[in-house]
Amino acid sequence: MNIAQQDPESRDKMTSAFFRGPEAGGSLTPDAIAVAAEEMGVKKASYDTLTLLGLAVLAGAFIGLGAMFATTTVAGADGMLSYGLTRLLAGLSFSLGLILVLIGGAQLFTGDMLMVMAWASRRIATTRMVHIWVFVWFGNLIGALVIAGLVFLSGQYTFGGNAIGIAALHYAEAKSALPVVEAFSLGILCNILVCLAVWLSLAGRTVADRILAIVFPVTAFVAAGFEHCVANMYYLGLGLMIRYGAPESFWTAIGHAPAEIPLSGVLTNLAVVTAGNWVGGALLVGGVYWFIYRRPGKPHH
């Protein structure tokens with residue numbers, strides 16, 4: 001019998017035994033990860049509104065902190081390090097964001113794409129899942145913009161002889177100018193890796209296990225230049241704040257006219273990358289793994 005068809009008490013007992021496997025304390029096997037991912041979706045669907053909002057704002061803030069770390073790490077690296085090494089360092093630094101989300105506890109739109117597994121098993125309603133995705137997206141936006149605002153107000157972007165601000169403007173300009181097809185494709189690729197990081201972290205039984213599982217997929221997506229909608233909330237938000245709020249002395253010091261970051265480009269990027277992230281996470285990770293391990297008629301051992 002499918003776990004989803006059992007009564008809650010029996011399902012909990014079966015799931016617990018399934019998680020433990022033959023070696024208690026060992027990492028989960030892929031089929032057990034599928035059960036854990038489905039249970040995670042059911043749990044998220046049960047959160048009340050205030051809890052959901054709090055966790056969503058935290059996740060946006062955590063990703064913002066990771067983006068701030070990555071921007072700081074690569075500031076001033078042009079001409080000193082190779083492109084690949086610079087991107088590698090940015091990716092390793094950015095991993096902080098998802099580590100905080102998954103270990104510290106928060107709700108991230110891109111990771112929530114795995115909720116499709118619980119939906120496909122008919123354990124959560126379509127309206128509830130979509131409501132959570134929309135609510136979490138806006139909560140993430142609030143958190144990311146709060147961190148961007150604090151970075152701007154603190155003047156951190158002027159550190160390193162304004163190198164951090166220059167890097168932040170470069171990110172914002174480049175992202176706001178991305179062609180739609182390119183942004184969509186980069187969004188798909190990004191969330192394949194992000195959701196795989198979440199997937200792999202579910203296998204770990206210790207904090208060290210989970211961190212190690214998170215770092216490599218996240219580093220890969222940042223190093224490759226893929227697009228993450230919540231990270232872009234920070235990057236584009238900070239870029240706009242610097243563009244319209246930085247003093248004249250900043251532009252004089254960097255020898256650069258105020259950057260071109262059109263609002264239309266910002267909104268297009270967020271919309272298109274969000275759609276790409278949905279395809280990459282919901283269909284190509286959650287959907288594929290549900291089909292492999294949780295589809296109706298599939299034997300569950």
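This is a predicted model: local features need pLDDT of at least 70, side-chain atom pairs count only at pLDDT 80 or more; totals for chains, interfaces and linings use all residues.
Once neighbours within four places in sequence are set aside, the residues in contact with His 228 are Ile 63, Leu 108, Thr 110, Cys 190, Val 194, Phe 221, Val 273 and Asn 277.

## The enclosed cavity

His 228 also belongs to the lining of the largest cavity, together with Ile 63, Phe 94, Leu 98, Leu 108, Val 194, Val 218 and Phe 221. The structure holds one cavity of 30 Å³ or more, and the space in the largest cavity comes to about 40 Å³. By class, this lining consists of seven nonpolar residues and one polar residue, with no charged residue, while helix H4 (83-105) and helix H9 (207-223) each contribute at least two of its members.

## The largest pocket

The largest pocket has a volume of about 640 Å³, and among the 30 residues that line it, Val 74, Tyr 83, Arg 87, His 170 and Tyr 171 are the closest to its centre. At least two lining residues come from each of H4, helix H7 (163-176), helix H8 (180-201), H9 and H10, with H7 giving the largest share, seven residues. The lining of the largest pocket divides into 18 nonpolar, seven polar and five charged residues.

## The second largest pocket and helix H2

About 550 Å³ of space lies in the second largest pocket, whose lining of 24 residues has Met 40, Lys 43, Lys 44, Leu 202 and Arg 210 nearest the centre. Here H2, H4 and H8 each supply at least two residues, and the largest share, five residues, is that of H2. The class count for the lining of the second largest pocket is 13 nonpolar, five polar and six charged.

Helix H2 covers residues 30-45, and its 16 residues should span 22 Å at 1.5 Å a residue, which agrees with the 23 Å between its end C-alpha atoms. Twelve of the 16 residues of H2 are buried, so the helix is largely enclosed by the rest of the structure; the buried residues include Glu 38, Glu 39, Met 40 and Lys 44.

Ala 208 is found in helix H9 and is exposed, since its relative accessible area of 55% is over the 50% cut-off. The C-alpha atoms of Ala 208 and Ile 103 are separated by 9.9 Å, although the two residues are 105 residues apart along the chain.

How values were computed: Residues are numbered from 1 along each chain as its sequence is written. Side-chain values use heavy atoms; hydrogens and water are left out. On a 1 Å grid over the protein atoms alone, a cavity is a set of points where a 1.4 Å probe fits but cannot get out, and a pocket is an open set with protein on both sides within 12 Å along at least five of seven lines; lining residues have an atom within 4 Å of a point. Grid points are joined across faces, edges and corners, and a volume is the space filled by probe spheres set on the points. Helices (H or I, at least four residues) and strands (E, at least two) are DSSP runs, numbered from the N terminus. Ala, Val, Leu, Ile, Met, Phe, Trp, Tyr, Cys and Pro count as nonpolar, Asp, Glu, Lys and Arg as charged, and the others, Gly among them, as polar. The expected span of a helix is 1.5 Å times one less than its number of residues. Buried means under 20% relative accessible area, exposed over 50%, partly exposed in between (1.4 Å probe, protein chains only). Contact means heavy atoms within 4.5 Å.
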